[in-house]
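Below is a short report on strand pairing, salt bridges and one surface patch. Look at the structure, then read on.

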Amino acid sequence: LENIWGDSAALHEVLDTIRQVAPSSANVLIEGESGTGKELAAHAIHNLSRRNKAKFVAVHCAALSPQLLESELFGHEKGAFTGAYERRIGRFEQANGGTIFLDEVAEIDPSTQVKLLRVMSEGRAFERVGGNQALHADARIIAATNKNLEQLVREGKFRDDLSFRLNVVRITMPPLRERQEDIPILVRGFL
């Protein structure tokens with residue numbers, strides 16, 4: 001891990017937490033500014049886990065409309081909506097046995113938050129869009145955000161119960177301005 005980020009004092013606690021949480025199946029919430037390495041941290045957790053032989057599936061929640069995000073996460077049945085010409089397997093099914101990474105989870109709309117909460121509270125059970133069959137996927141959930149979820153909960157913009165379930169273990173990525181000794185390592189990596 002130090003080869004990826006360096007050995008800055010600001011990252012020691014993060015690296016220790018990653019090593020401790022990786023062998024478990026606990027949900028992890030990674031917070032930090034854009035560009036701090038949240039997805040790298042998620043990959044590190046997956047690679048150090050017992051799930052590392054299965055897929056790591058990333059979903060960039062902010063890039064998708066609410067309808068498309070639901071279909072991406074849970075899949076859809078043929079004919080579920082205009083343009084659904086065939087059954088599509090969702091990201092949860094793709095990540096079965098592995099890890100699903102929900103990047104920018106704070107951007108998920110309220111109706112999809114409810115569906116995600118249901119998946120998390122009912123043994124990873126879900127239905128494809130347009131389907132009525134309960135499916136299960138054993139996927140570890142790692143979520144990331146550059147926003148303060150606690151503040152969003154107070155403002156009524158994010159579900160408290162979903163925040164609670166995502167935030168079993170919290171990792172806060174320090175900004176690069178607090179990790180200046182890592183800049184040479186990053187420069188070498190970019191070159």
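Leu29 stands opposite Ala143 in strand E8. This is a predicted model, where local features need pLDDT of at least 70, side-chain atom pairs count only at pLDDT 80 or more, and totals for chains, interfaces and linings use all residues. Residues are numbered from 1 along each chain as its sequence is written, and side-chain values use heavy atoms, with hydrogens and water left out.

**Strand E1**

Helices (H or I, at least four residues) and strands (E, at least two) are DSSP runs, numbered from the N terminus. Two strands pair if DSSP finds at least two bridges between them. E1 (residues 28-31) and E8 (residues 140-145) run parallel, joined by four bridges. E1 also pairs with E9 in the parallel sense, again over four bridges. There, Leu29 stands opposite Arg170.

In a regular strand the side chains alternate between the two faces of the sheet. Both faces of E1 are covered: Val28 and Ile30 are buried on one side, Leu29 and Glu31 on the other. Buried means under 20% relative accessible area, exposed over 50%, and partly exposed in between (1.4 Å probe, protein chains only).

**Salt bridges**

A salt bridge is a side-chain nitrogen of Lys or Arg within 4 Å of a carboxyl oxygen of Asp or Glu. By this rule the count comes to 13.

| Pair | N to O distance |
|---|---|
| Asp138 and Arg51 | 2.9 Å |
| Lys115 and Glu70 | 2.9 Å |
| Arg170 and Glu150 | 2.7 Å |

Arg170 lies in strand E9 and Glu150 in helix H7 (residues 149-154), 20 residues apart. Glu31, Glu150 and Arg170 are linked in a network of salt bridges. Arg170 counts as partly exposed because its relative accessibility is 34%. Glu150 is partly exposed too, at 39%.

Asp138 is partly exposed, at 45%.

Glu70 counts as buried at 17% relative accessibility, whereas Lys115 is partly exposed at 34%. Glu70 is among the buried residues of helix H4 (residues 66-74), including Leu69, Leu73 and Phe74. Gly75 follows H4, with a positive phi near 80°.

**Surface patch**

Leu176, Ile183, Val187 and Leu191 make a nonpolar surface patch of about 380 Å². Patches are made of residues with over 30% relative accessible area and no salt bridge; like charges are joined within 9 Å, nonpolar side chains (Val, Leu, Ile, Met, Phe, Trp, Tyr) within 5 Å. Accessible areas come from the Shrake-Rupley method with a 1.4 Å probe; for residues, only the protein chains shown count as cover. Leu176 sits in the loop between strand E9 (169-172) and helix H9 (183-190).
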